[in-house]
Amino acid sequence: MKKKIMPVDLVKKKKRGEKIVMITAYDYPTARLVDEAGVDAILVGDSLGMVVLGYESTLPVTMDEMLHHIRAVARAKPRALVIGDMPFLSYETSRRDAVLNAGLMIKAGAEAVKIEGGVEVVDKVEAMVKAGIPVMGHVGLTPQRMLRIGGYKLMGKKVDIAEKVIEDAKALEDAGAFAVVIEFTVAEVARIITEKLSIPTICIGSGPWCDGQVLVIHDVLGLTPNPPPFAKKYADLSRIILEAVKRYSEEVRAGLFPGEEHTLHMSREEYEELLRRIKKE
Ligand code: KIV
């Protein structure tokens, strides 16, 4: 049996120059499959809100919703590291809130948590790490702040923002984060951060020079109608699902399903006895 992956193993991978593969999953069967495929980390992302629950952004996602899906993923007992994404307003208000909510995620089966933000959240990162909870940071585009930012914008094109993203990543490392996601940031900035930090950088839409990559599984499988420009579709499950359900509907309507091979019978003797009894009643 292969050894369980822990946060420290991702740091070791960076040291060895091995790329880290992370992907999102939100339920038991998907967690089993991505684990069997050999990913290093499974993120139960708050992207759940948009790709599974149909919200327009990640802002409405609650702790209860996250915990429900973390439990489902944890039941798959993956070898990959399970990371719970802390939803909007579950960690910003106080260090106490951050530790208690992160603790709920750990009790639900997460083995680390992820929070968005840089310098402004380092006190929360320190408090969680002090409590024994491994923390992954998230800089660059932080979708939970999209109202303030003014949408989902590419970060770091101008020097001021580039410097801020670099400063944020460094502050998270100094606060004890074991890794940092860099989202939708120009590749040059992601490269500088990757070279500067001793903890791994995991990129999404931030170019190839990071220590690892993460994608939302619904984008990978072709299940999102409007995927982000940086996502790559490796399969077209929408087409496969559509074709399968159309064929099923046609067969039901034509009386072709269920066929004899999907039908279960009682023995002739039991059937005849049943008919006798019904007649008597
Ligand atoms: O919620 C999520 O899926 C994420 C990834 C985009 C990194 O935070």
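**Model.** I am working from a predicted model.

**Domains.** I looked up the domain assignment of the protein chain first. It gives domain 1 as 7-235 and domain 2 as 240-280. I then checked the separation of the two: the C-alpha centres of domain 1 and domain 2 are 47 Å apart.

**Ligand site.** I asked where the ligand sits. I found the ligand in the largest pocket. Next I listed the residues around the ligand: Thr24, Leu43, Gly45, Asp46, Ser47, Asp85, Lys114, His138, Glu183, Ile204 and Val216. Sorted by class, this shell has 4 charged, 4 polar and 3 nonpolar residues.

For Ser47, a side-chain N or O atom is 2.5 Å from a ligand oxygen. For Asp46, the corresponding distance to an oxygen atom of the ligand is 2.9 Å. For Lys114, a polar side-chain atom lies 3.0 Å from an oxygen atom of the ligand. I also looked up the cover: on its own the ligand has 260 Å² of accessible area, and the protein covers 94% of this.

**Disulfide.** I asked how many disulfides the structure holds. The count is 1. The partners are Cys203 and Cys210, with their sulfur atoms 1.9 Å apart. I read the angle about the S-S bond of Cys203 and Cys210 as -75°, and the link is left-handed. I noted for reference that a disulfide is a covalent bond between the sulfur atoms of two cysteines.

Technical notes. Residues are numbered from 1 along each chain as its sequence is written. This is a predicted model: local features need pLDDT of at least 70, side-chain atom pairs count only at pLDDT 80 or more; totals for chains, interfaces and linings use all residues. Side-chain values use heavy atoms; hydrogens and water are left out. Domain bounds come from an automatic or database domain assignment. A residue is near a molecule or strand if one of its heavy atoms lies within 4 Å of it. A polar contact is a pair of N or O atoms within 3.5 Å; within protein, one must be able to donate a hydrogen and the other to accept it, and residues adjacent in sequence count only if both atoms are side-chain atoms. Accessible areas come from the Shrake-Rupley method with a 1.4 Å probe; for residues, only the protein chains shown count as cover. On a 1 Å grid over the protein atoms alone, a cavity is a set of points where a 1.4 Å probe fits but cannot get out, and a pocket is an open set with protein on both sides within 12 Å along at least five of seven lines; lining residues have an atom within 4 Å of a point. A molecule sits in a cavity or pocket if more than half of its atoms lie within 2 Å of its grid points. Ala, Val, Leu, Ile, Met, Phe, Trp, Tyr, Cys and Pro count as nonpolar, Asp, Glu, Lys and Arg as charged, and the others, Gly among them, as polar. A disulfide is a pair of cysteine sulfur atoms within 2.5 Å.
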